[in-house]
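Q: Could you help me learn to read a structure, one feature at a time?

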Amino acid sequence: MSRVPPELAANRAVSLPELLTSRECRQARQQAWLSQHQSTLLVLTLVVPGAIKDSGLTRNIFNLGWLALQQMWRQQGWQCLHAETLALSTGCEGFMALHADAQRVKDCAIQLEVQQPIGRLWDIDVLDTQGRILSRRSLGLAERRCLLCSQPAKICARQRRHSSDELLQEMERMLNDALSPR
C-alpha cells in the first residue's frame, strides 16, 4: 500500500472533458472492485481547486490521507482485502476493499475528516456491497464549508468568490500545519 511519489506529479492543467472522463473511469473501477471483492469499498480522492489536480502539494496531501486510512482500518481491526493507489493527471485515487460494515467505515472516515484539520481536503467515499454511496447528506451532516470562509463550499465555488491561488495557498498552509511537529 504505497504512497504516491510527489516528485513524479504531472503538474499540468487538465480540461473539463478529462475530468469528466476520469470520473466515469473511477465509477467503472468502483463497480469492478465491488464485483471482485464483494465488500465495503472506500475511495479516497481530494478536493482540489483549479485546473492542476496532480502536483507535489496534492500528492503530499493524498499520502497523508492514505496513511490515515491505513491506520484507521488497522486500529478498527478490519480486514483489508485489497488496496491500491493510482497517480493520475486528474488527481490521485485510492481504493480499499474492507471487510467491515459500510456505515461504521463511513462514520470513522467522517471522524478523520473532522478531527484532522487537513482532513477537510480529503474526499472519502464509502460504498456498501450493493454499490450505494453513503453520503454526508444521507447521514444528515452539513455540507462542506469553504476553506477560506464559513459559506458552503459549493456556493463559493459556483460564484468564484476566491481565486485558485488563494485556495491553493490555504491548502499549502494546511499541509505545513499537518506536517509540523506538535
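Q: Is Arg26 buried or exposed?
A: The general idea first: a residue is buried under 20% relative accessible area, exposed over 50%, and partly exposed in between (1.4 Å probe, protein chains only). Here Arg26 has 18% relative accessibility, so Arg26 counts as buried. Before we go on, please note that this is a predicted model, in which local features need pLDDT of at least 70, side-chain atom pairs count only at pLDDT 80 or more, and totals for chains, interfaces and linings use all residues. Residues are numbered from 1 along each chain as its sequence is written, and side-chain values use heavy atoms, with hydrogens and water left out.

Q: Which side chain does Arg26 meet in a salt bridge?
A: A salt bridge means that a side-chain nitrogen of Lys or Arg lies within 4 Å of a carboxyl oxygen of Asp or Glu. In this model Arg26 pairs with Glu93, at 2.8 Å from N to O. Helices (H or I, at least four residues) and strands (E, at least two) are DSSP runs, numbered from the N terminus. Glu93 is buried too, with a relative accessible area of 1%.

Q: How many salt bridges does a search of the whole structure find?
A: The search finds nine. One of them joins Asp123 and Arg144, whose closest N and O atoms are 3.8 Å apart. This pair links distant parts of the chain, 21 residues apart: Asp123 sits in strand S4 (residues 122-127), and Arg144 in the loop between S4 and helix H4 (153-159). Asp123 is partly exposed at 25% relative accessible area, while Arg144, at 19%, counts as buried.

Q: Where do Arg173 and Asp177 lie?
A: Both are in helix H5 (residues 164-179), four residues apart, which is about one turn of the helix. Arg173 is partly exposed at 39% relative accessibility, and Asp177 is partly exposed at 36%.

Q: Which residues do salt bridges that share partners join into one network?
A: That network holds Arg26, Arg29 and Glu93.

Q: Is Lys106 buried or exposed?
A: Lys106 is buried, with a relative accessible area of 3%. Lys106 lies in helix H3 (residues 102-115). To read its surroundings, look for contacts, meaning heavy atoms within 4.5 Å. Leaving aside residues up to four places away in sequence, Lys106 touches Ile124, Asp125, Val126, Leu134, Ser135 and Leu139. Of these, take Ser135: Lys106 and Ser135 are 29 residues apart in sequence, and their C-alpha atoms are 8.5 Å apart in space.

Q: What pattern does the protein chain follow along the sequence?
A: The pattern reads α-β-α-β-β-α-β-α-α, built from five helices and four strands.

Q: What radius of gyration does the protein chain have?
A: The radius of gyration is taken over C-alpha atoms, and the globule rule is 2.2 Å times the number of residues to the power 0.38. For 182 residues, a compact globule would be near 16 Å, and the protein chain agrees, with 16 Å. The C-alpha trace spans about 40 × 35 × 30 Å along its principal axes. Buried residues make up 44% of the 182 residues.
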